[in-house]
Amino acid sequence: MAAPIEDYALIGDTHTAALVSREGSIDWLCLPRFDSPACFAALLGDRGNGRWLLAPAGPVREVRRSYLGDTLVLETEYRTDDGVVRVIDCMPPRQSDPDVARIVEGVSGRVPMRMELTIRFDYGSIVPWVRHIDGALHAIAGPDSVWLRTPVPVRGENLTTLADFTVAEGERAPFILTWHASHRPAPRRIDPVKALGDTEAWWGEWASGIDYRGGWQDAVIRSLLTLKALTYAPTGGIVAAPTTSLPEQLGGVRNWDYRYCWLRDATFTLSALMLAGLGDEARAWREWLLRAVAGQPKQMQILYGVAGERRINEEELDWLGGYEGSRPVRVGNAAVHQFQLDVYGEVMDALHLGRNIGLESDPSTWDLQRALLEFLEANWREPDEGIWEIRGPRRHFTHSKVMAWVALDRAIKAVELSGLEGPVDRWRGVRRELHEEVCREGYDSQRDSFVQYYGADHLDASLLLIPLVGFLPAGDPRVKGTVAAIQRELMSDGLVHRYPPEGSEKVDGLPPGEGPFLACTFWLADNLVLMGRREEARAIFERLLTLRNDVGLLAEEFDPSSRRQLGNFPQAFSHVALVNTATYLSEGPMPAWARYRG
């Protein structure tokens, strides 16, 4: 069985990433890209679906782990009756082929160690042909090839590569695993100790460029490092998470593939990167966005592959038992085919923010924005699937209409503030019509709050974005009433659900039972900051910080009853929200991103 989600740490090379458990097992790794088939898939099945264990052979009395400074080099220290040993894990900066370096260091005593390497290509379904070539272990099947190089003697047993060895104080035992395309010559040999030093130096140099001066520095910098790790360096795209099908409810069916790039994350991510002084990353993300959405506006998708791919068909992998029995395991994401009105607002907002914070843009960018506005003017009255990608019927979601208003508002501001050309009077008329409709149809005066969709009698946490995007000020009585209602009706153990968990099947067509959504809880804190209720906001924020695991990582959701993280891990949206909320609390009532919006 896989470890609890919060027991995993992340290592990566800005092309892909691996999850390493406290027990020393790499249970998830897709090679060579985030969205490639996994060669270690024990996370979603069992050890027979692929993993790489490197840990003491005997009982462990204590485990301590941390990242080495501001890097993605993971150090795990095991205290045993025989002594203390340290395992260092990292993925060196990508040269041509991806590598995983693991080094065992003896700290004290003499500690017997165990290595178990089970390679299973294509999400744990293919047993490779394994042989020894020139002192290395070579596994090959179809397009995939993996090489293991180590001075430690290894043997094969029951379709697994094993090693038993002892490490004494001051000794090192290195292992290097390299993937490459099977039709190519053997990959170059690398020195694992040098690779470790190169990795530490690369991350340290990158982190030195962070210019964040607010509070909670450690949490913010770790979140920014995580966002960098979730970036696909060749294109600048940022995946929502490096995993698929980690459940939103243990044993349930809410299991989705997050190894893609969502347009919805655009503005939040762009603001987080810029507020931390990471202009290169912000620029790369903005350029990825422009390439991804290029084409006809009616063909714009809500998510794309890391290089902007559009065909992301969903399928179920029936040979995997799922994380703690949570099935089905899905790869691809059928939400790619949904119509979600809000993404037009998110794209327009992101491009407006980029322009205002000084990211240079090609004149064709405004042409693209005008084309998006033309489509939106003709389609904003249509129902959609909404921000939460429901698999039920389309509705007139209040948040979607608010974001359609945002798209028009940012276009009008681009004309007013940046001197760009456009039919601004017509846009003002549509903006006014949208605002009036949302306030009339999306607001329930008897409840004293906005509602999830027109005519609904229940709430939605996405309504917390109303003041954050400037649709209404935080001091508006309707916003205050909505925030109070959300605190009253959507909170569980101080955390915010996306919408009422009981009866949710009537909205999204899925069985109820998911946990509170961490990003929504950060949004509540943001609202309280804007209302001047800073101490309440600080308390919520600091509570959220306690939910991070021991190396500072957050999933998508948290289950208060089991005290466990849920959903894909680590989740970019949660870490982006952490950075932004820390900034709001550090700066005062008007956060920088709001000023940038004009």
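**Reading helix packing and salt bridges**

Q: Which residues of α6 meet α7?

A: Contact means heavy atoms within 4.5 Å. Tyr344, Val347, Met348, Leu351 and Arg355 in α6 meet Thr365, Trp366, Gln369, Leu372, Leu373, Phe375 and Leu376 in α7. These contact residues comprise 9 nonpolar, 2 polar and 1 charged (Ala, Val, Leu, Ile, Met, Phe, Trp, Tyr, Cys and Pro count as nonpolar, Asp, Glu, Lys and Arg as charged, the others, Gly among them, as polar). The model is predicted: local features need pLDDT of at least 70 and side-chain atom pairs 80 or more, while totals for chains, interfaces and linings use all residues. Residues are numbered from 1 along each chain as its sequence is written, and side-chain values use heavy atoms, without hydrogens and water.

Q: At what angle do α6 and α7 pack?

A: Angles run from 0 to 180 degrees between N-to-C directions of axes fitted to C-alpha atoms, for helices over the stretch in contact. Helices α6 (residues 342-356) and α7 (residues 363-379), both DSSP runs of H or I with at least four residues, pack at about 155°, axes 11 Å apart. They are therefore roughly antiparallel (over 145 degrees).

Q: Which residue forms a salt bridge with Asp342?

A: Side chains of opposite charge can pair when their charged atoms come close. The rule asks for a side-chain nitrogen of Lys or Arg within 4 Å of a carboxyl oxygen of Asp or Glu. Asp342 pairs with Arg264 at 2.8 Å, N to O.

Q: Are Asp342 and Arg264 buried or exposed?

A: Buried means under 20% relative accessible area, exposed over 50%, partly exposed in between (1.4 Å probe, protein chains only). Asp342 is buried at 0%, and Arg264 is buried at 5%.

Note on methods. Helix = DSSP H or I, 4+ residues; strand = E, 2+ residues; numbered from the N terminus. Parallel < 35°, antiparallel > 145°, perpendicular 65-115°, else oblique.
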